[in-house]
Amino acid sequence: MATAAITAERETYLNSAYGLKSWLLTKDHKRIAVLYFITISIFFAIGGTFAGLIRLELLTPEGDLVSSETYNKLFTMHGVIMVFFFLIPSIPATLGNFFLPMMIGARDLAFPRINLLSWYLLIAGGAFAIFAMVAGGVDTGWTFYTPYSTSYSTTYVIATALGIFIAGFSSILTGLNFVVTVHRMRAPGMTWFRLPLFVWSHYATSLIQVLGTPVIAVTLFLVLCERLFHLGIFDPALGGDPVLFQHLFWFYSHPAVYIMVLPGMAVISEIVSTFSRKPVYGYAFVAFSSMAIAVIGFLVWGHHLFVSGQSLYAGLVFSFLSYFVAIPSAVKVFNWTATLYRGSISYDTPMLYAFGFIGLFTIGGLTGLFVASLGMDVHVTDTYFVIAHFHYVMVGGTIMAYLGGVHYWWPKMTGRMYPEGFAKLSALVIFIGFNLTFFPQFILGYLGMPRRYHEYSQEFQLLHVLSSAGASVLAVGYIMPAIYFLWSLRYGPVAGANPWGASGLEWRTPSPPPTHNFDRIPVVTFDAYDYSTVIPTEVNDVGH
Amino acid sequence: MDTSSTHLETGAAHEAETLALREQFDTEEQQRDAATLGMWVFLITEILFFGGAFLAYTIYRSSYPAVFGLASSSLNLPIGATNTCVLLLSSFTMVMAVRAGQLGQRKAIIIFLIITMFFGLAFLGIKAYEWTEKFEEHHVPALSNFFLEGTSLQGQAKIFFSLYFAMTGLHALHMVVGVGILLFIIWKTSQGTYSPEYYTPIDIAGLYWHFVDLVWIFLFPLFYLIDRHLPR
């Protein structure tokens, strides 16, 4: 590829081909990432709408907006969409898909066609789930506990479970692709300990996807068999064991929490380093903490069954092991903080999101210790305390990191800068809205407000109103980026190859990148986060 | 395949068109390693996939050993044993096909793959016969007048047969996919896609086939051979 003059139209992944077909049949990981980006944004909007309706209903103690049956469907569909169709694919399938190959100096993932297939699987799974919702909804809760899901629910369990089953294979294939890519596609000189921490975290995530997802697949398969063919595997009437279902379900669904949050940590490592202009403190510790989270994450599922009739001894062991997750998580938080020390810190939007992540994830993680302790958990099981806890990790953690990452890499993906002022404002609005929504829920839960009820006693109303008010602030915060990102596609300042002065290989190629990522495959002679080799480019405001 | 891109600067890559080096790879070795590793990772997911069902089996069998033994003896042992032999033979012919792939003997590849496919279909046919027999003997949990009607053990027997149908059904589904893969490889072989330098797809199809066989090697004793050693 000849080096074209700057003024001439450079070939990028965006302009190499036009038309719907060039997108729907693309094998380019960057285009597939964009497809995922659009898809999960739509799912986020759907899941968010359900959340909005839930918060609207809870403004008053009476069940006046929706019936209890509808309310059951709302929180189920909110959970199903957000967990399986937004959070799980969110960072890996968009930012991971786009940047993992670039960060290791590869032209593409190892299996580009499988990558495209995985997007189609998500679409197919999503189609089943959406069908179930349009046809009448599903009311089992996103956990599909038996025997309600197998024998009693009269809603669209089959279509929803089938949708999740299919989407699971999308997740498995993405994980498989990443594992093989990291093992086999690294550029010359890109050793394991020169990998950006983003890649380490995604590698750990992929291992969980590959090892965990098949278990929920077979579990849902058995549930489907039970509903469709009247087999009896979890049916207590026959001597079957519903707790077995819970074990199988959480064997995946607890590690799935780390599928959601590890990629968030991946993003934060990159952002904190870039905006402190320092290597991440204790690189090897942070890298191995990702692996430790992946491994320990598989040994703690029983803490979801403390009150399910699991043996007390199993409860003790699971409680003990659950505390261990705090160690690698804390290693990350401390090391990010230590990275800031004497760093040359700039407070651009991605960094604001990163600060938000570190603070909110810490609260989410520490309240995780509350619910990991047996005695405390008996008190707060199935209350808003648990809801607040996991929303601090999922929304305060993962979505903050996701938005931070999207801001951080937006100039690389599109070649344009977003408007910094609006972006900072939205980060602030989201932070305030988030805390206003979910902090009152800790108190609500501690006071005894159970989850999954559409009516409640008068005394809880103030906190519920605060929470609903926060949700509307949060909605404004989420709509703002949607608008200014679209605006920036046309009117944003031209970004240049490396507007942040970041060190990763993805910043050493033009923005947006050419189809094969690099004009020449880089030979890596430096460690990750080596800022001595970086030449930042100026943001250029003459491009439009 | 878009071969127009000119990123294959490492001269050796251009040896023959049949090598089918995809654009994201630098060398055939890298491509082969990636494909093989990919299949192994996939098989690990399969182990976890079947693993969930095997876990359910283990728990119920340890809870209800007597009924599992009783229900197991009602399965058709000669048919199960025959099917085990059929699958073992198919694994042998699959190995021969991979060997023929290494040596570049196109005709032998096709013949061995067809035989393998034949054994696979034979397995499925025998399985289908066995399942219809189950319908006639009232061993299908959803049907009325089920095995051990009127006793308190019926529920547990239903769990045994539920696991039997779910797990052998899942296995049969994998056999169907396997037959599809073999058909595809046979077609590609007849197109002349493979050579001693590039036969990775035959190799990894073999890995898959052996894995599915291996699952049956576990299913057979766990379902058919419980308590057979006891005097009756």
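Biologist: Where is A:Pro512 found in chain A?

Modeller: A:Pro512 lies in the segment after α16 (461–491) of chain A, a helix being a DSSP run of H or I with at least four residues, numbered from the N terminus. This is a predicted model, in which local features need pLDDT of at least 70 and side-chain atom pairs pLDDT 80 or more, while totals for chains, interfaces and linings use all residues. Residues are numbered from 1 along each chain as its sequence is written, and chains are lettered from A and ligands numbered from 1 in the order in which they are written.

Biologist: Is the peptide bond from A:Ser511 to A:Pro512 cis or trans?

Modeller: Most peptide bonds are trans. The bond from A:Ser511 to A:Pro512 is cis, with omega near -15°. The bond from A:Thr146 to A:Pro147 is cis too, with omega near 0°. A:Pro147 sits in the loop between α4 (112–135) and α5 (148–152) of chain A.

Biologist: Is phi of A:Tyr529 positive or negative?

Modeller: Most residues other than glycine have a negative phi. For A:Tyr529 phi is positive, near 60°, and the residue is in the segment after α16 of chain A. B:Asp227 also has a positive phi, near 60°; its place is in the segment after α6 (200–224) of chain B.

Biologist: At what angle do α3 and α14 of chain A pack?

Modeller: Helix α3 (residues 68–103) and helix α14 (residues 384–414) of chain A pack at about 25°, with axes 11 Å apart. The axes are fitted to C-alpha atoms over the stretch in contact, and angles between N-to-C directions run from 0 to 180 degrees. That makes α3(A) roughly parallel to α14(A), the class for angles under 35 degrees.

Biologist: Which residues of α3(A) meet α14(A)?

Modeller: Contact needs C-beta atoms, placed from the backbone, within 7 Å. From α3(A) come A:Leu87, A:Ser90, A:Ile91, A:Leu95, A:Phe98 and A:Phe99. Their partners in α14(A) include A:Met394, A:Tyr402, A:Gly405 and A:Trp409.

Biologist: What does B:Leu163 touch?

Modeller: Leaving out residues up to four places away in sequence, B:Leu163 touches A:Ile233, B:Ala56, B:Tyr57 and B:Tyr60.

Notes
Helix = DSSP H or I, 4+ residues; strand = E, 2+ residues; numbered from the N terminus. Parallel < 35°, antiparallel > 145°, perpendicular 65-115°, else oblique. Contact = placed C-beta atoms within 7 Å.
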